[in-house]
Each structure stands twice: as C-alpha cells, then as structure tokens.
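Trainee: I am new to this structure. Please take me through the terms as we go.

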Amino acid sequence: MSVKRLLSYWKDNPLNEGCFSVWQTQPARPADLHPLPPALPPALRDALQRAGIRSLYGHQAQAWEAAQRGENVVLATGTASGKTLAYHLPILARLQEDAETRALYLFPTKALAQDQLSGLRSWFEQAKCAIYDGDTPQGQRAQIRKEAQLVFSNPDMLHTGILPHHAGWAAFFARLRFVVLDEMHTYRGVFGSHVANVVRRLKRVAAFYGANPQFLLTSATIGNPAELAQALIHSPCTLVEEDGAARGERVFALYNPPVINEALGLRKGAASEAARLAKDALDAGAQTVVFARSRRGVEMLLTQLGTGGGAVRGYRSGYLPSQRREIEQGLRSGAVRLVVATNALELGIDIGGLSAAILVGYPGSVASLRQQAGRAGRGSLPSAALLVASANPLDQFLAHHPEYILGRSPEQALINPNHLLILLNHLRCAAFELPFAKGEYFGGENVDEFLDFLTQNGEAHFSQDRYFWMSDSYPAAGVSLRSASPETVVLQAEEGGSAPRIIGEIDLESAHWMVHPQAVYLHEAQQYYVQSLNLEAKRASLIPVGLDYYTEAIKEVEVQILSVQEQTPLNGAQKGYGEMEVSAQVVGYKKLRWFSRENLGQEPLTMPPVRLQTTGYWLTIQEQTIATLSAEGLWSNSPNDYGADWQNIRAQVRARDAYRCQVCGMAESSSRQHHVHHKTPFRAFRLPTGEVDRQRANAPANLVTLCPACHRAAEQNVRIRSGLAGLAYLLGQIAPLFLMCDPEDLGTHLQPEASASFPQPGIALYDLVPAGIGFSQKLYEMHPTLLQRAEEVIRLCPCLSGCPSCVGPGGENGSGAKAETLALLRLLNHAPNDASNCHAPSTKQENN
C-alpha cells in the first residue's frame, strides 16, 4: 500500500471520523539549484560528482559564499535539506588548499557524531577524520590529537576531556580554523547556557595559541536562530534560512482522539490510538517512526505493539550503544519496519527514507515537532506525519489553534550564559585552563568580581594582576552540562545465577522515581523488578519479571519562598517572582495495571528528599477575591473555616488513630504531622442559610487521619473543585508552549488554602534547575498573556464541568473545576484594577 493509500485509509476509516482537526497537504517543491562554485578545488568537485552531486541548493550556495567571506554562518532550514554538506564544503575546500587546517565538529550526541563521520567518509576519503569522545580507546587518543585534521566530538567531551588538557592539543588549537555546532537548536535552556560558556572557553584557549576560528552552525526552524547563534558564540552570524531543497508531497495531520465520556470530557488514550494507527502503517508496509514523550512511553508502546520478530524496535537513552547502532542499521537496511523512539532519534542520524512519522503528544516545541515530523519523507517521495494529541491542555490548545503548528514557530530558544551558578562554574574551569588577567572579559563580561570571590574562597590566587587557579580539584569533572547532577546510577540485571549484566544507566535524580526499590523498570519491553537501589554506590540491582502491573512513584513537594525579587499587585491578586526552595520526596508508589491503569494499591516508601534552590513565579489570591467566589457558590470553604476548635479536634482524631495513616499505615514522623480528612466534604454540610453545620461536619465519625500522600489522593475530588487547583493544572500545561521548554523543565505547586507560612492561597511555577534559568521570570513578565490563553483553553473545551484537556481530571460524580477556574480567570482578566489589600507570601506548604 502506498503512502497515499494509507492516508486514504486513515481518513476514510470510521474509527477516525471527526478526529482530524488538521489535515494539510504540502505540495511537492522543486529544488532551487545553483551550479557548483567555480572556486571548489578539483579533488572536492570530483568527489561530489562521484557522489551524484552536480549542483547546490540555494541555501548551500549562500552558505558557501558567506563562509568564503570569512563570516560565521548559521543555517536554519528544514530537515534533510543538506545542511551537513553546506558546512562540509568550506572546510574541505580549505583543507585541500592547506593540509595544516584543523576543524572541530561538535554534535549534541555521540551517536550523531558517529553517523556524520560515516556519512562524510562515504563520499570523501582524503581528509584525516576521527571521533574523540568518551568511547575513544585510550591507545588511539594521542594519535588523534597529533594527526587528525577533522575531529568529531561533543560539548561534553570538549568540556571535560579537551579544554582542561589543551597543552596536549597545542598543535591542533594553533591551526584551528573552523568550529561546527550542528543541531544548534538543542542548545537551549540549561544545556545551551552551559554550551555557550564552553564555547567562551574554547575561544579563549584558541586565542592563547593564536587562532580565531570561524563558526558554522545549523539549526532546525526556531523563532530566533540568529539571536541564539550569536548568544552561543558571542560573535555576529550571517543567517541563511531560505530552504532551496527539493521536497516530496507531505501530509501533516493532527489527530484528536474521540471523546468517550462527554460529561467528564474524557478521550481515548493517545498512546492506544497511536498504537492502532502505527499498526495500520505497519500492515501497509510503510516504514514508520513513532515518537513517544518519555522513556516509559516508549516501553509502554512497545508492549502494545509487540516486537514483530525484530521488525519493531525501541530506541531511547539508556540503551547500550551497540543496541542503538544495530537498530539504526536495521532502519537503513529496511529490516526494522517500525521504531518507537524518544527524541533521541529526533536529530539528524541517518536512518534511511521513512514513509511516516507518528508523534504521540506534542513534543514540547514547534522546532522539535517539525524535526520529528521531518524524519519521514527524507527525499522527493511522498510522506506523512501525524500528531496524535494527548488529553493535556497544551495538546488540546494546539488542536484548536493549528496556526501554532502550521505557521512560523512562535517560540524562541532561550539561554542565559551569565546565569550566576553556571557562569561561576565555568570561570572555575577557565581559570584551571589558563590564568585570567585582571580586567579580562569572558563572553563580553568583566568577571573580576567573580574571580575575586574565587580568590577569597581559596580557589584562586591573585598575583601580578593575574588570577591563578589554586585548588587541587579538577573543576570540569564536577560540572555536568546536561543535568543538575553529573552522577549516574548503573543498572545491573541478575539473571539465572550468572554474573550481573549491565543493561543501561540513569541519571541520579531520575533514579529516585524510576528505579526506587520495588519499582518495575522497562527496557526494550522487558520488565525488570528493582530489588535494591544503593545511592551511595550508584548501583541498582534488577531481575527480569513478567508482572501484570507497572509502578508509578508518589511524590510530595514542599515550596518555600526565600526572597522576593519582584512583585506586582493585580486585580484581586498579586504576582511575584523570586528565589525559592523546593523539596521533593518519593514517599510511596502505586501499582497500576497495564493499559487500563487500574490502581491495584499503593505501598509506602521513604526515599531521601531532593532539595532544589531555584527561582519561581507565583500568583496569590486576595481574601476579597475568595469571598466573592465563595459568595457565588463557586469556591469551597478553606480549612480556616472549620471552626475555632479545629486544631483540638484534629489532635484528638490523630491520637484516636494512633498517629498512623488509616490507608497505608504509615506512622507520623517527628518533623511532620499527618493530616485529618473529612470523609464527606465539609461543604456538603452547608445549611440553607449558607452557614456550615460544623458540629456534624467535624464529627469524629466523619474524620480520618491520613498521611500527606494519601490525603492528596483522597482530596483530589474535593480540591479539583477549587478554581485554584484548576488554574495551577492549566498553567503548568500551557506555559511550556510560550517558553519553548519541555513540560518537565517546570514544576507546579498548589497552595489551596492560607496557612501560617503562606498567608494567601496561591500557585507557583518554578524552574526545575538549580538557581533557575529564567523560565519563571518570563512567566512573570508574560502573566497577562498566560492567563488570557488559559481562559481561552477553558472556553474552547467542550466538556461540561472540567476534564484533563482543560482544568484537570474530573472530580467526584463527574464534577470538575471548570466553572470555578473560569470564574477566577474572569476576575483576574476582566475586572477593573483594584490593587488594595495585597500581601506578599512567605511560604512553606502546610496541609491541614
């Protein structure tokens, strides 16, 4: 079956009726061809012609001309548009003229470096090329440093393995003429801020050896490619973005799964629908990639699809390099017909010409969406890309606003190289590499103040107007470019009494919730039971199992605002931005049945808390606003309304229940009391007068002691009726669209009622990055737009009272928080300004 017939089948299948909110056909586009440049050396011209390349696309020709003028160049054209050739040509041409020329190629992943080296060698053999990364054998490294003309590496290796040892690279740096930054759009947020500082260090070391390299960068389509490129290399760049490559006919469709419960607004699951559509493609013979949002999502889809005798494979981080190379080769040869992958396969690794791409949920940015969709149709053949919307508000917002997908990318890639902690860490690394002169600039910034701090701290020594590194430490080893912690946990599987086998690894922070003791971990659709997790030894012991459930960690989060940097009174509320401490702890786990997610029970667990000092944006609600909503019957009463004797009643109930949770049996800790929960909601005892019959509501028979985790589960149906809970859920889901960040880059905190440490109810969104990266400050600045979009999402959602597509899961008896959240947003968005009686919070979450 051809791609067109597959598309017709999808479109005509009654199961899909009414589900395509977008169906766009992009016609085939002829190439904008230009002759090969006359200045190309004969050997290079001959190699191109042997490879079947007799002309250049328009953007390749523009890039060549800019590079010949000595300009830094950034190419921001579509997937499979020939960006690789565009940066190879000026380097290889210079190499033909001067064999002493050196170039450093940096790729975001080791796999991409391997792939690009193989691609270059397939048509040009005259250059001495080598990969230099963590997998390079020690015995080969000295020869590579001495002889390689083109070195293929990654920012991590440059950071830890090359710059700190630049003396061994002296000849290479002295001749360094070009630096390539491929897939530049991946260098955003924390990772990009680190990489910008690594580039500063690179330029500093190169200058020490007398070199001033030219930079060639490539990017998928983002809103600010020139700005990002200039921020990364701290130099002007020439932007080339007019795509001249040929393109076959492409269909992009957005599939919104059908509603199966209108009252609750519940839709069929995105994963199950994607699996069904992927099976259609597999049956049709269309080689397909399915992109899942997470590592667990990959394994869940593989479980539904089966392995097909090796024709269906997974691809994600955590797989061993040999497994990934095998899968890539299987895709190129056609042996693998369907691959389920995370964004690890999003980048330009050569996997042949796929016919279809299915995206399970919006991947977090338009750049990623286009990159993933572009993995199909790499050539002039027709192709299809299908985005299967999940139930979360962001996906549903896009289903109603396709212009965010079909138009130019609205988001920008943000980095903050001068972030205090990031800059300070890289100044340590730079000082280790070379002394700093007093008044020396680093990335355009005078850093004497930072160097003085290092001197006072005993890490540096100031002498004769220079700062020298003095510490015995090796600073680069303690700075991870990609996560808060550079440490990883090794996963060892024990099978049949044989020696433990390493199946993968996981970052230390993720280990707390992915491989905690008794967790079910998935690897290539195989289930493993975690017998033990040794955080000190950084090792988890697993055994293969076949269970009818998987596990999901239960987390408790506490937020404390440390300082207020900015705050603004609003109508009925106040917004703020500042520093905060977030404490997250895994306190148990759920056992969920495969596919149905039926809760088979939960078990208590005590993992050490993970503390994060970061920045956050918060919105607190005035008492006057709460009173207005309560008077309209939209907001339930807070625990402060339980009566003057509530604390005594609460103490009596906890004592009666022996200070143990009556659901999971967990005992109170010395530092934190359990909660007391109303079995029948407090508001259910409201009298015709509007008052609540507190005597009946607070009767001991209606009260029960619960630990915070069980209380959260029990209160879900009650708290979801709070407009604040609905707003927190909604803002946490749509904010990533405007920040171009992953939803996992932001944390969301709900403070549903006032307490001694949080005088007003409120919500907070915070950066899940030590010291913050600027996301929450952006949210503070775009507050009006954020709230207006939130109101729009709710208005457009067809559910009756709230659902996962707007304000969150339905509450008791199908009741959600739609009316309450909409009422709150109306007050915040439309009422006249009244900034009186606003209070700034000083917070630490305390539950009643």
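Mentor: Start with confidence. pLDDT is the predictor's confidence in each residue, from 0 to 100. This is a predicted model.

Trainee: What makes residues 832-848 a stretch to treat with care?

Mentor: Their pLDDT stays under 50. Where pLDDT is low, the predicted coordinates should not be read in detail. The model has 65 contacts beyond four places in sequence for residues 832-848. Residues 810-815 also stay under 50, with 18 such contacts.

Trainee: What is the average pLDDT of the protein?

Mentor: The average is 86, and 90% of the residues score at least 70.

Trainee: How do you know how helix 3 and helix 4 pack?

Mentor: Two packed helices are described by the angle between their axes and the distance between the axes. For helix 3 (residues 58-68) and helix 4 (residues 83-97), the angle is about 35 degrees and the axes lie 9 Å apart. Their crossing is right-handed.

Trainee: Which residues of helix 3 and helix 4 make the contact?

Mentor: Helix 3 gives Gln-60, Ala-63, Trp-64, Ala-67 and Gln-68. Helix 4 gives Leu-85, Ala-86, Leu-89, Pro-90 and Ala-93. By class, 8 are nonpolar, 2 are polar and none is charged.

Trainee: Why are strand 19 and strand 22 called edge strands?

Mentor: The open sheet has 3 strands in the order 19-23-22, with antiparallel pairing. Strand 19 (436-437) and strand 22 (460-463) each pair on one side only.

Trainee: What makes strand 22 and strand 23 a pair?

Mentor: Pairing takes at least two bridges. Strand 22 and strand 23 (residues 466-469) are joined by 4, so they pair. Ser-463 has Arg-466 of strand 23 as its bridge partner.

Key
Residues are numbered from 1 along each chain as its sequence is written. This is a predicted model: local features need pLDDT of at least 70, side-chain atom pairs count only at pLDDT 80 or more; totals for chains, interfaces and linings use all residues. Side-chain values use heavy atoms; hydrogens and water are left out. Axes are lines fitted to C-alpha atoms, for helices over the stretch in contact, and angles run from 0 to 180 degrees between N-to-C directions. Helices (H or I, at least four residues) and strands (E, at least two) are DSSP runs, numbered from the N terminus. A crossing is left-handed if the near helix is turned anticlockwise from the far one by less than a right angle, and right-handed if clockwise. Contact means heavy atoms within 4.5 Å. Ala, Val, Leu, Ile, Met, Phe, Trp, Tyr, Cys and Pro count as nonpolar, Asp, Glu, Lys and Arg as charged, and the others, Gly among them, as polar.
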